[in-house]
Amino acid sequence: MSNGSRSSIITFEEGWNEIRTNAIDRLEDILDNGLRETKGNMFGNKDYIKVYTLCYDMCTQRSPYNHSRELYQRHGETIEHYLTQNVLPSIRSKVPQGGTILLNELQFRWSNHQVMNKWMTKFFNYLDRFYVKHHSLPTLNQAGLKQFKERIYEEIKRDGTRAIIGLIDQEREGSMVDKTLIKKIVELYENIGMGNLDSYINDLETPLLDATREYYAKKREEWIVADSTPEYMVKAEKVLIDEKNRVHDYLNPASEGKLLRVVEEEILEKVEMILLEKEGSGCRVLLANDKSEDLQRMFRLYSRLENGLQPIASIVENFICDMGNEIVQQRQSRLDSGEKDNNDDPAFVKALLSLHDKYLGVIKTDFSGHSIFQKALKDAFVEFVNKNVGSYTNAEFMSTYCDRILKSGGEKLSESEVDENLEKVVQLFSYLTEKDLFADIYRNQLAKRLLNGRSASNDAEKVMISKLKMQCGTHFTSKMEGMLSDLAVGADQKGEFDEQMKQHDCKIDFSVQVLTTGFWPTYKSPSITIPDEMSQCMNVFKTWHDKRHQQRKLSWVFSLGNATVRATFGKKTYDLTVTTLQAIALNAMNDGKTKTYEELKEELNLEDNVLKPLMHSLCCGKYKVVLKSPASNKINSSDSFQANSKFTSNMRKIRIPMASLDPSHNAKKVEEDRNHAIEASIVRTMKARKTLKHQQLQAEVLSQLAFFKPNPRVIKKRIESLIDREYLERSAEDSQVYNYLA
């Protein structure tokens, strides 16, 4: 086309004047006066092809008539001239007015420049394809942007930034602003970087962050004086949402984290303790008044900060600790006022359970179950759950509360309520440092329920043991599971023994429960003179049992047995549910004669520490089936006894309880078990390490012992014992270092 339309050489001035007339002058006139009227159709195809072809011809002529260099240079000069002569004076005139007027002018001129740059690039496109690539020069588009940056942007950027920040501050104060205008100016800052955000970051984002910090520092000082903690947090949350939306509306997404961080530092981090401890509305007040919504907002806000939750968790821990100590103190006050101390205090345990239930819910709901608050709850409960008041430990109170739930005639609860209560008790139990003591007491009480037929539900017993097993492991519950297993095996063997009994002329119904020594607690087994009828049945069982289990040795524990005695007082007959010892004592009184204490002692072959509580249960309890002389509530060796022929009761079946001959737990055995556990841990650690310093060994032992927390002095004592028994030795160089002896 070019060869067909032009056969002569085109000089640079001739060609440039034609380009100037047909393209550039026309383009500048449209930009200054009538861009909107063109409706985007500034140059038709014919006009555009004419200018492009002329540029092409000027660039493809042979040297020295190839004008590529001159055209590239003149392209830049043309844009520079237009910017300095037309654009810059117009923008400068709007600087004093600032704000929206300045930004509108800047946006208008930037939009025009983009149009100009586009058409200038299209007209001189052949330069981009060959000359620019060959000489590694900026593309025409880059050169045009660079001109705008150097001639306009560098001079006006500070005023433009001030205007943008001013509009943003107006919006923060509640005024309506032109978000579209701000967005377009922000795009100018982004595009002027030509592929990176350096200009945006240095010239707009950094000043904006500084201005934002200053703005919210002032707001913080106003709000902290005028507002309560909940009111302040409502404003803070709204501000953070607004700032996030602001970034979404017209700022670069990369600014979101930086902008929010500045706001968080100013309105949250710098006043955290002031807000949390604010009188009348701080964190403790919110907890005390169950302000769930405000606590949730507090958690949401301060979870944004790296270490924002720790101060809140500390306050929560101290608050729960104070609440728990108050419950402990209330129990102390009851004892101080004269209330009798015993191992059954359901009100105390229920208060602890209620407190735990409440604040476990607060942690889950208001603090999203965050681990730092779970730890705060745990540390608080460990603090006061292990504060024992009175003669009994909290471990015993918890175990006795379980006993009330699980035994018949205890707490009146449905199956689901039993399970729920047991779950709560196990949660509370997890905070005990004396778990081994709980286990010993619980095992004793479980044994009584099982052997006395007082367990309300075998399934509930299994559920409780499984919960303890999940909490502490198989070793913790193995003996309890063995106890249940013994009863299950005994039930299977009962039918077989009953058949054996039919072959003998026994005058009483007789059954035996065989217990495995290792599983069950150790009981007193007083040697008592057995009635002939009972002795005969025992011999039958022993013969039958020895044939089945030749390797086992039977040992009778009469203090655990039960009996139903048919008793006749006057014309009325009663069924008395008593222990085996009580039944033998009643049998001794069967002849109606009066017997002295010494006569009974000789006849029954019992020691004072057994006979006295035994006769006390028959003479001084609710049902006085035996009369003592002289009448009193204390058994003396000078007393005499006689069956109460005038005894009457409205009930035909009567249960006569007897005080246990065994304590709720064996403190000495618990202490021995602890010593064994400490020594085992020491030996296990030293066998693996061979040589250790005292402090390291002590720390290792403490970390391994899960069921109790020994005093460091006890650990040292056990180390000394192991040294004496030549399991360990002290290092010759350092007395604080121990060596393992294989």
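This is a predicted model: local features need pLDDT of at least 70, side-chain atom pairs count only at pLDDT 80 or more; totals for chains, interfaces and linings use all residues.
1. Basis. Local features need pLDDT of at least 70 and side-chain atom pairs pLDDT 80 or more, while totals for chains, interfaces and linings use all residues. Numbering runs from 1 along each chain as its sequence is written, and side-chain values use heavy atoms, without hydrogens and water.

2. α24 with α25. Helices here are DSSP runs (H or I, at least four residues), numbered from the N terminus. The axes of α24 (residues 580-588) and α25 (residues 597-604) come within 11 Å and cross at roughly 120 degrees; axes are lines fitted to C-alpha atoms over the stretch in contact, with angles from 0 to 180 degrees between N-to-C directions. Ile584, Ala585 and Ala588 of α24 meet Leu600, Glu603 and Leu604 of α25 (contact: heavy atoms within 4.5 Å).

3. α24 with α26. The axes of α24 and α26 (residues 608-619) lie 10 Å apart at an angle of about 75 degrees, so the two helices are roughly perpendicular (65 to 115 degrees). Leu581, Gln582, Ala585 and Leu586 of α24 make this contact with Val610, Leu614, Met615, Ser617 and Leu618 of α26.

4. Second largest pocket. This pocket (an open set of points on a 1 Å grid where a 1.4 Å probe fits, with protein on both sides within 12 Å along at least five of seven lines) holds about 600 Å³ of space, the volume being that filled by probe spheres set on the points. Of its 22 lining residues, Asp436, His475, Phe476, Asp673 and Phe707 are closest to the centre (lining: an atom within 4 Å of a point). α27 gives the most to the lining, with 8 residues.

How values were computed:
Angles under 35 degrees count as roughly parallel, over 145 as roughly antiparallel, 65 to 115 as roughly perpendicular and the rest as oblique.
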